[in-house]
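Subject: Structure handover

Hi there,

Here is the structure I promised to pass on to you. Please open it beside this email, and then read on for what turned up in it.

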Amino acid sequence: MRPRPAGRAAALLALLFLLAAAPLAAQGSPWVPLDDPRLALAEQLIARGEIRDPSPMVRPFRRADVVAALEAADTAPGRPAGRVIRRLLQSWRDRADTNRWLVEGRAGAQAYTTPRRDLLHAVPGENVLPYVDLRLEAVYGGLVAVSRPAIEPRLSDDPDWRGRRDLRVVGRMAEAYLAWQGRFGGAWFGQLEQNWGPVGVTGIPIGNFAYARPYLGVQVGGRTVRLLAQAGSLRDETDSAGRVIKRYHFGHRLAVRLSDRLELALWETTLISGEGRSLEGRFINPASLLLLANQYGEGDPGNVMVGLDAHWRAGRAVT
């Protein structure tokens, strides 16, 4: 009996994870979430040229990578930026233990004039509501596990929220992922907020105004050449005939750093949908060029976007 497409896709996903993880051996580090209140200080230091950008045009970056950038910066006592750098280092620097864990909580209030995260399509609705989250983090060598459940009543007012609205206490998983990281790349599965594009602008290929979805991702390479590929399933839809439409999202990004000031990247994303669709191999393949394999190849009716971006540090504080 021939394996079904879904079975082949699941086997391929497992194989990608094993191939990416097996040869790697290094100390893992969680990603800095995009809603971390300390991130704005780090982004300001990057924009001013005080520290190098750990991953141009891709957010989030790993905590270990931004710590390395902070450690390489000028922290002279007389410089205002030096004091900020030392504060961030004290806050973000991990213990040297190979195995470590962290429990961190936040509680407060969300005050907003619109409940929608997509500010370009804001809707009215002023309110002040409580917010609570609990971050659970564990690192064992190159293995990283993070889980952050959040109680967020604002969700009931957000028209983009696809969950329940009939409860006073509404929650979501702000982060939930398992990753294996090493010297030449890594692999991860789970959900965390991402943005591909200029800092402060919602990315076109992947933006952070949407709620985080689970993806399987693979990254290969180092600081000079990096290949990032990820695949995930979206929420099923129902057409006018009552048929269930499966939807999947894929993304590839190849970045090449030509110098300390210039980085070029080619990216592509595709959305496929249809009755009975699955995570098909040619879309999951991290080394495949989707435009060639799909649009100009098999001709599958997928929605493919292709883009080129350049990150140029023209001066110390000009990017």
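This is a predicted model: local features need pLDDT of at least 70, side-chain atom pairs count only at pLDDT 80 or more; totals for chains, interfaces and linings use all residues.

**Helix packing around α4**

Let me start with helix α4, which covers residues 80-92. Helix α2 (residues 39-47) packs against α4 at an angle of about 135°, and their axes are 11 Å apart. The two helices are therefore oblique to each other. The crossing of α2 past α4 is left-handed. On the α2 side, the contact is made by Leu 39, Leu 41, Ala 42 and Leu 45, while α4 brings in Ala 81, Val 84, Ile 85, Leu 88 and Trp 92. Sorted by class, this contact has 9 nonpolar residues, with no polar and no charged ones.

Helix α3 (residues 63-71) also meets α4: their axes come within 10 Å and cross at roughly 145°. Here too the crossing is left-handed. From α3, the residues involved are Arg 63, Val 66, Val 67, Leu 70 and Glu 71, and they meet Ile 85, Leu 88, Leu 89 and Trp 92 of α4. This contact divides into 7 nonpolar residues, no polar ones and 2 charged ones.

The largest pocket holds about 1,000 Å³ of space. Its lining is made up of 32 residues, and the closest to the centre are Ala 210, Tyr 211, Arg 213, Tyr 215 and Leu 234. Strands β5 (171-182), β11 (244-257), β12 (262-274) and β13 (303-312) are the elements that each give two or more residues to this lining. Of the elements, β12 gives the most, with 3 residues. By class, the lining of the largest pocket has 15 nonpolar, 10 polar and 7 charged residues.

The second largest pocket holds about 870 Å³. Among its 30 lining residues, Leu 34, Arg 117, Glu 193, Asn 208 and Phe 209 lie nearest the centre. The elements giving two or more residues here are α2 and β2 (99-112), and β2 has the largest share, 4 residues. The lining of the second largest pocket has 12 nonpolar, 7 polar and 11 charged residues.

**Cavities**

Searching the whole structure gives 2 cavities of 30 Å³ or more. The second largest cavity contains about 40 Å³ of space. Its lining consists of Pro 33, Leu 34, Asp 35, Pro 60, Arg 148, Ala 174, Glu 175, Leu 192 and Glu 193. These fall into 5 nonpolar, no polar and 4 charged residues.

**Two backbone details**

Which peptide bond is cis? The bond from Arg 59 to Pro 60 is, with omega near 10°. Pro 60 sits in the loop between β1 (58-59) and α3, and Pro 60 also belongs to the lining of the second largest cavity.

Met 57 is the other residue to look at, with a positive phi of about 70° although it is not a glycine. Met 57 lies in the loop between α2 and β1.

Enjoy exploring, and write back with any questions.

Best wishes

Key: Residues are numbered from 1 along each chain as its sequence is written. Side-chain values use heavy atoms; hydrogens and water are left out. Axes are lines fitted to C-alpha atoms, for helices over the stretch in contact, and angles run from 0 to 180 degrees between N-to-C directions. Angles under 35 degrees count as roughly parallel, over 145 as roughly antiparallel, 65 to 115 as roughly perpendicular and the rest as oblique. A crossing is left-handed if the near helix is turned anticlockwise from the far one by less than a right angle, and right-handed if clockwise. Contact means heavy atoms within 4.5 Å. Ala, Val, Leu, Ile, Met, Phe, Trp, Tyr, Cys and Pro count as nonpolar, Asp, Glu, Lys and Arg as charged, and the others, Gly among them, as polar. On a 1 Å grid over the protein atoms alone, a cavity is a set of points where a 1.4 Å probe fits but cannot get out, and a pocket is an open set with protein on both sides within 12 Å along at least five of seven lines; lining residues have an atom within 4 Å of a point. Grid points are joined across faces, edges and corners, and a volume is the space filled by probe spheres set on the points.
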